[in-house]
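Me: I am new to this structure and would like to understand the words used to describe it. Could we take the terms one at a time, setting each value against its definition?

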Amino acid sequence: MNTKQTTLDLSINETYYVESHSKELIAYWSLMCIVKLGGMRNFMDDNRIHYDNVADFLGFGEYINSDEPKKRQVVLGSLEKLLRKLEKSPKPSSPILEVNIAKLSSLVGLDGIEQDVLRFVVYLNYYRIFDEATRTIGDLTAEQLQIVLSVLLGRSIEEIKKALSPRGRLAQAGLLSIDRNSSHSMRQKIDVAYNGFIEKMMTCDDDDVESMIKDSVRRCEMNDLTLNDYTHIAEQLNILVPYMREAIEAKHKGVNILLYGRPGTGKTELVKTIAKELDIELFEVSYADEDDDPIDGDRRLRAYRTAQTLLQKKKIILMFDEIEDVMQDEEIGLFGPRKKQNKKGWFNRILENNVVPSVWITNNAGAIDDATIRRFDMVIEIPVPPKAKRREIIQNNSGDFLSDTVIEKIAKNENVSPAIITRAAKVVQAIQDHMQEPSKAFEMIVENTLKAQGFRGLEKEGIIELPSSYDPSFVNTEHDLKALVAGIAKHQSARICLYGAPGTGKSAFGQWIARELDRPFLLKKGSDLMSMWVGGTEKNIARAFKEAMEENAVLIFDEVDSFLQDRRSAKASWEVTQVNEMLVQMENYNGIFIATTNLMDGLDQASLRRFDLKLEFGYLKPQQSLELFTKETILMGIDTISRSVENDIKSLSRLTPGDFAAIRRQSRFSPIITANDLLDRLIDEVKIKQHDDLKKMGFLR
């Protein structure tokens, strides 16, 4: 090249894949970055390696690498000349992009400046060569970004600032957002709605705007459920469904519903069922992009806002699942402001301004700020269905491979959610033709899932039934128990505390009451209700009372001293809150509640006042011991007992019905042959209790 020449005949290189109508536009903006904003110095120094592609694209790569100062000057002059030429010519653009910008503008109301900014950002993200050109400017703050865009777009700084404002139409629609906390390159500084948004803007020529967001907001398939599958929350649905219908028809603004509850309780399926009931479409904000990579909380919220904009003219419901991941996606600096506070305010504005009715779902309502929760129109807990509904779900999903006994055993566990049932059924149904005992496989799958979730497993011995020999006449108490049951049957409400030594028949009497009243019974042990998590025990207590009310069951709390200890001796705040929750539930419960304890002296004094009746169960009286002994020998097919055995059994102190039950279980693997054998085993049971207090009887050995 002649070093004396003062200009170069630069042309735009064809080696890069760029649409022909966009080449001059890309070149124009690239030159603006390089020449007008001082990035040219990056081409002239020794650290220009990252910008060689831009030089090649503009057609002067061989000159930019020259070490001769005169050649560098020639290049600069030629670039400025080309820039002036491009400034005077019309700026070509992508026809598809212009159509899509027009669609968005009609929905959002974008003005000319906002359209220019959006167009610029699309090109910046779509063409790598343009991104490389803008990197010659270096990292930018939010204020510097406004200045740069002002120069590149020929708009005033105030106009650019307004277009990029968090309250501007671009941000409110979730199309663009600016990182205002740190310096980055221009492309990193401006964040777009979601990963596939730029690609859709440049290539999607579908008339339906839905296609532009299908990678981040997807149409949901309907299910086979009906509202009858949610009868356990019918009261809430009787309000929710009509409200959603009215909101959709009248296009009310700011309609938001929050559903919460443990995983697997059917929250997502309920939203699908409601959409089907209303005969409208349901869209869901996705967790993952088109490459199946997870979408972070901020991007999901922006995708939601974009969907609110693009789908606002459709009659739909928008669903946002796992909201707790969004609210907990925080980074808090040591001395800086809490990002959570900024996001909370932003999220609250979303709730107030959305135009598409939305249902938000969470497994943990505690992760959401109270100020945010009060902005939802309705907040509904979706609990694990009550036992009767669980039994129905198991029956509907288990085909014919579960017996009634197994169904009852699984349904008894209040932690068995619909999702656990349906997934276990899916596995077993797929392979049941190759299995000898599909019932055991079903139980094992359910059991393993419960354990993995931190819940207790299924009852190993199935349903605990009253023994055939049970008779309330074998309870040693001063009260007429049959008259008591008659009184309860008349009023259908009672709160009774049964106390006394272990094995005296307290829990069994509660079950007998349920049998006499022809009601189901719900037995909760202390281990069932106690939780390792703060607040977990209180929730379990409330859930038990609610389930008993829904099933019209007799509620029995065994070992109630575990969570009704005297608050005066409490060492931790959670011990107090457990008692408080228990007292509140007892006060508000109108059914039949029976509490049993072996440690009456340790109960909270306020709880004692809540019980309608406190009934002590004592050890068997001599005549009761003999009558129960005689009944057991008959059931076991043992010969007639001798007079000496009768005297011995009547002389045995501290004997309880529970001792007979223990021997009965023992006899399954160690059969009892004679009455003397039964007597000896009862003596052994009594010895274990308190050996020193036993009467010194001649036949003890």
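Me: What makes Asp518 count as exposed?

Reply: This is a predicted model, in which local features need pLDDT of at least 70, side-chain atom pairs count only at pLDDT 80 or more, and totals for chains, interfaces and linings use all residues. Residues are numbered from 1 along each chain as its sequence is written, and side-chain values use heavy atoms, with hydrogens and water left out. Buried means under 20% relative accessible area, exposed over 50%, and partly exposed in between, with a 1.4 Å probe and protein chains only. Asp518 has 71% relative accessibility, so it counts as exposed.

Me: What is noted about the phi of Asp518 and of Asn552?

Reply: Most residues other than glycine have a negative phi. Asp518, although not a glycine, has a positive phi of about 55°, and Asn552, also not a glycine, has a positive phi of about 55°. Asp518 sits in the loop between helix H25 (506-516) and strand E10 (521-524), just after H25.

Me: How do you know that H25 is mostly covered?

Reply: Of the 11 residues of H25, 8 are buried, and among them are Phe509, Trp512 and Ile513. What covers the buried residues of H25 includes helix H24 (481-491), strand E9 (494-500) and E10. In the protein chain as a whole, buried residues make up 51% of the 701 residues.

Me: What makes H24 oblique to H25?

Reply: The axes of H24 and H25 come within 10 Å and cross at roughly 50°, where axes are lines fitted to C-alpha atoms, for helices over the stretch in contact, and angles run from 0 to 180 degrees between N-to-C directions. Angles under 35 degrees count as roughly parallel, over 145 as roughly antiparallel, 65 to 115 as roughly perpendicular and the rest as oblique, so the angle of roughly 50° makes H24 oblique to H25. On the H24 side the contact (heavy atoms within 4.5 Å) is made by Leu481, Lys482, Leu484, Val485 and Ile488, and on the H25 side by Phe509, Trp512, Ile513 and Glu516.

Me: Why are H6 and H7 called oblique to each other?

Reply: Helix H6 (residues 95-108) and helix H7 (residues 112-126) pack at an angle of about 135°, with their axes 11 Å apart, and H6 and H7 are therefore oblique to each other. Leu97 and Ile101 are among the residues of H6 that meet H7, where Leu118 and Val122 are among the partners.

Me: What makes the pair of Phe401 and Phe442 tilted?

Reply: Rings of Phe, Tyr and Trp (its six-membered ring) pair if their centres lie within 6.5 Å; planes under 30 degrees apart count as stacked, over 60 as edge-to-face and the rest as tilted. The structure holds 13 aromatic pairs. In one of them, Phe401 and Phe442 are 5.8 Å centre to centre with 50° between the planes, and the pair is tilted. Phe401 lies in the loop between helix H20 (387-397) and helix H21 (404-411) and Phe442 in helix H23 (residues 438-452), so the pair ties together parts that are 41 residues apart in sequence. Phe401 is buried, and so is Phe442.

Me: Why is the pair of Phe545 and Phe557 called edge-to-face?

Reply: The ring centres of Phe545 and Phe557 are 5.4 Å apart and their planes stand at 65°, so the pair is edge-to-face. Phe545 is in helix H27 (residues 536-551) and Phe557 in strand E11 (residues 554-557), 12 residues apart, and both Phe545 and Phe557 are buried. Phe545 and Phe557 belong to one aromatic cluster with Tyr589, Phe593 and Phe611.

Note on methods
Helices (H or I, at least four residues) and strands (E, at least two) are DSSP runs, numbered from the N terminus.
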